[in-house]
Amino acid sequence: MRVITFNTQGIEQAADKGFFDWMVKQDADVICLQDLRIKEYQLDGDRYHPEGYYPYFFDAFEDGFSGVAIYTRHVPKAIMTGLGFELCDYQGRFIQADFDKVSVSSLYVPSGLKSFAAQQTKEEFMAHFLAHLKKTLRKRRDFIFCGTFNTAHRTMDLSNWYANQSVSGFLPSERAWMEEMLGDLGFVDAFRELNKAERQFTWWPDYNRARTLNEGARLDYQITTANLRKMITGASIYKDQSFSEHGPLIIDYDGDF
């Protein structure tokens, strides 16, 4: 099965740039989208409902802000929205589709770049989400958490990392959070299971030819439970077209969900 995650930075502008035309050609089973910046009822055009896919949305309460979605070729057994805390649920930051064997979610961790208060909000969200991850380990199923984590894990995941050690997205506390998730808790960074190369980024700032020069960060992930490690067969970041400042992350898994 193929799973794609992509931060649209506004689903309308991503669609204008050809995202859905590209998406339907990828033979993906599940596509997880973040930062839609629009409510579901406003997406009434055919281009937001491509044939063969079932779309599910979780809106932010505020207009023009956040929001996540899952497009799937297979009808889920259940859809879960939110994680039970206001920062996530009020801002539309988590949706999960449960299939027979695996649950796939679309997650949008807040950015802490704007201010000290924004960073505090991000860290609060991360603490709640880590608690949720611990709960999933007690369940008799596997999980794939797709989305924008807004944190680069290691120095190889960020250009000019030395100068960014005091910047949100690469703070020691954020990297320690990643290490706990991928180390102590045993979750798997699906992309890094197959690709160990440096400068593999999913986000490039929209200035100074950053994408052309490959100056960016790996902020988007598919994090899986340990049982899925052996099922990861393909990993790539699509860079040929620019639908937003982020690039779609594509992971292939052996077997059905």
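## Lys134 and its contacts

Leaving aside neighbours within four places in sequence, Lys134 is in contact with Glu180 and Leu185. This is a predicted model. Lys134 sits in helix α4. Its relative accessible area is 37%, so Lys134 counts as partly exposed.

Leu185 is 51 residues away from Lys134 in sequence. In space, their C-alpha atoms are 7.3 Å apart.

## Helices α4 and α5

Two packed helices are described by the angle between their axes and the distance between the axes. Helix α4 covers residues 116-136 and helix α5 covers residues 172-184. They pack at an angle of about 10°, and their axes are 11 Å apart. That angle makes α4 roughly parallel to α5, because angles under 35 degrees count as roughly parallel.

Which residues of α4 and α5 meet? From α4 come Gln119, Lys122, Glu123, Met126, Ala127, Phe129, Leu130, Leu133 and Lys134. From α5 come Ser173, Glu174, Trp177, Glu180 and Met181. By class, this contact has 7 nonpolar, 2 polar and 5 charged residues.

The disulfide count is 0.

## Positive phi in two loops

Most residues other than glycine have a negative phi. Arg37 is not a glycine, yet its phi is positive, about 60°. Arg37 lies in the loop between β2 (30-34) and β3 (54-58). With a relative accessible area of 38%, Arg37 is partly exposed.

Ser66 also has a positive phi, near 50°, and is a residue other than glycine. Ser66 lies in the loop between β3 and β4 (68-72). Its relative accessible area is 1%, so Ser66 is buried.

## The annotated domain

UniProt, in an unreviewed entry, places the feature "domain: Endonuclease/exonuclease/phosphatase" at residues 4-229. Over residues 4-229, the chain is 26% helix and 22% strand. The end C-alpha atoms of that stretch are 17 Å apart.

Notes:
Residues numbered from 1 in each chain as written. Predicted model: local features only at pLDDT ≥ 70, side-chain atom pairs only at ≥ 80, totals over all residues. Heavy atoms only, no water. UniProt positions renumbered as here; feature names shortened; annotations may be inferred. Helix = DSSP H or I, 4+ residues; strand = E, 2+ residues; numbered from the N terminus. Disulfide = S-S within 2.5 Å. Axes fitted to C-alpha atoms, helices over the stretch in contact; angles between N-to-C directions. Parallel < 35°, antiparallel > 145°, perpendicular 65-115°, else oblique. Contact = heavy atoms within 4.5 Å. Nonpolar A, V, L, I, M, F, W, Y, C, P; charged D, E, K, R; others polar. Buried < 20%, exposed > 50% of the residue type's maximum accessible area, 1.4 Å probe, protein only.
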